[in-house]
Amino acid sequence: MLSMRCQRLSRQNVERRSQLSGRLAIVLVSGIVAGMNAIPAADESTPASRPRYLNPLAVRFVAATRVAVELTSIRETAVVDLESGRIVAREKWPEDRPEADVLGPVVHPEDLRALLLQLQPPQAGPIRALWGRADGGWMVHTWPRSSLPATQLAQGWVFTSGLTRWTGQIGYLWETATLDEPEQGFADPSDLVVSADEQTAYVASAGSDCVAVVNLRQFSAVASRLVTEPADRRLTPYLRRDDLTAARWLVRARLPTQSNPRRLALSPDGRTLVVSNFLSDSLTIIDTEQLRVVRHVALGGPEPDIVRRGEMLFHSARLTQHGQFSCASCHPGGGTDGLNWDLPRDGIGNPKNTRALWGCRETAPYGWLGSSATLADRIAGTLRTTHRYEPTAEELAALVAYVASLPPPPPATVPGEKQAAYQRGRALFFGKADCAGCHRPDTYQDGLTHDVGTGDLYENRFDTPSLRGLRFTPPYLHDGRAATLEEVFTKHNPKRRHGRAHELSPQELADLLVFLSHL
């Protein structure tokens, strides 16, 4: 049985946040790109009715030269003839079929999904794709360096992407190598397929718009070993996940796709690889013997409007020095990665938790210190100081339009058995607990900074965060010190400055938490 000893509370919180964020993003992302009315930005008008994009995702071979691809936003499956590039059949999804999981990990085969948490290497980001068997296989994921200042961007030490092999032996072991190069990142790995002889892997990079062809014969020669027990880690003091030279020996080719490749399908004979490009509404066909792109197949989506162009930029590592990461690396689906990052814009040594962007058009000012009056200022400043990229006016306008279009999370449905507690919690929120003094409906924030007793001598006033969708965004407070909502009011409220929550009885606090968790 796989060892669980390496699982720590912080990693469980981030993994849980990733799962929650992914489920919410299924609703939010599909709604935005499928034609949901966009919320206009303060300085950029957006169309009242959005074009209906296709958003192709899962793809599979159904014949030697035909694939079925899921068009997630219009809830159809199309059969595409690869030789002619034409759609030859379409089928509507059943009404009871759930929305596609746009951000969730890809698992080959599906019965390995139950092992995702056990399989995640120590200190790694969430697994993005997994291929293999219970006794061994391959995965791709990021290595987020949130413990280092983001000024390490030039060294390639903010995000790297790992290709990792696991074995099912007792004392659980991983071997890992990076797919990034010193001046060419491999951002946001999104899918992985392995050839029948297990000698070649094909890995999609959603942020770098390419597929890496990896020579698995060379893997053991350049990979480093990870083990579960801290006492055993002394055997591998030099961790090659920080070594950006491994890709020289592993990667045979990087083949260009179109915007945001998310899924891969390898033909039964192994000669053809098909890539679904989520944001360009297209497929890329690759000849795996000649290692060349045969063609891109347009699936018939509309021309990108300003919001769609912004979405493409948001998911593109082209806007980062050396292409290391994209905006979506920290804000998957417009949400949060749950990590603390030490970003240079407000100095070094004061890391802060990533905030979700959902509904942010209505929640100025921006940043934990409330230092940006507009979205344009916040986005441009982050690109300049963290990404080391100077955006054009057109790029900035498109990014602002996209971020402003992200809707706030819908309130959760309150089950019947919790209705009484919810109503009691609501009364406390607006009454005895005095939460509404700072968290005012409908945005549940007030646009001001407050000292809630969690700061230090240098930073002690923080922007009031919106409480909408609170259940999707653990951990909490400006530095993520509270793993749960309850800890905000108990463990991390020593100065009793979160309204009058300190006056609540245990039962009243429980009722308040029910209300908050359904906003």
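1. **Ground rules.** This is a predicted model, where local features need pLDDT of at least 70, side-chain atom pairs count only at pLDDT 80 or more, and totals for chains, interfaces and linings use all residues. Residues are numbered from 1 along each chain as its sequence is written, and side-chain values use heavy atoms, with hydrogens and water left out.

2. pLDDT is the predictor's confidence in each residue, from 0 to 100. The chain averages 87, and 87% of its residues reach 70 or more. Over residues 1-23, though, pLDDT is below 50, and this stretch has 52 contacts in the model beyond near neighbours in sequence; contact means heavy atoms within 4.5 Å. Residues 25-47 also stay under 50, with 60 contacts beyond four places in sequence. Where pLDDT is low, the predicted coordinates should not be read in detail.

3. **Around β8.** Helices (H or I, at least four residues) and strands (E, at least two) are DSSP runs, numbered from the N terminus. Two strands pair if DSSP finds at least two bridges between them. Strand β7 (residues 136-144) is joined to β8 by nine bridges, running antiparallel. Strand β9 (residues 173-178) is antiparallel to β8 too, through six bridges, and G162 has T178 in β9 as its bridge partner. Seven of the nine residues of β8 (residues 159-167) are buried, so this strand is largely enclosed by the rest of the structure. Buried here means under 20% relative accessible area, exposed over 50%, and partly exposed in between (1.4 Å probe, protein chains only).

4. **The four-stranded sheet.** Here the order is β15-β16-β17-β18, in an open sheet with antiparallel pairing. The edges are β15 (261-266) and β18 (292-298); each has a single partner strand, so one side of each is left without a neighbour in the sheet. On average, neighbouring strands of this sheet are turned by 20° against each other, direction ignored. For that angle, axes are lines fitted to C-alpha atoms (for helices over the stretch in contact), and angles run from 0 to 180 degrees between N-to-C directions. Inside the sheet, β16 (residues 272-277) and β17 (residues 282-287) share six bridges, and V275 sits opposite T284 in β17.

5. **The largest core.** A nonpolar core is a set of buried Ala, Val, Leu, Ile, Met, Phe, Trp, Tyr and Cys residues joined through side-chain atoms within 4.5 Å. The largest one has 26 residues, and F429, L467, F489, L512, F515 and L516 have the most contacts inside it. At least two residues each come from α9 (419-430), α10 (485-489) and α11 (506-516), with α11 giving the largest share, six residues. Beyond four places in sequence, L512 is in contact with G425, L428, F429, A433, C435, F489 and L504. Another core lies apart from this one; it has 25 residues, among them V307, L375, I379 and A401.

6. **L513, worth a click.** L513 belongs to helix α11 and is buried, at 16% relative accessible area. Skipping residues up to four places away in sequence, L513 touches L485, E486 and F489. L485 is 28 residues away in sequence, yet its C-alpha is 7.1 Å from that of L513.

7. **Helix α5.** Seven of the nine residues in α5 (residues 306-314) are buried, leaving the helix mostly covered. Those buried residues are I306, V307, R308, G310, E311, L313 and F314.
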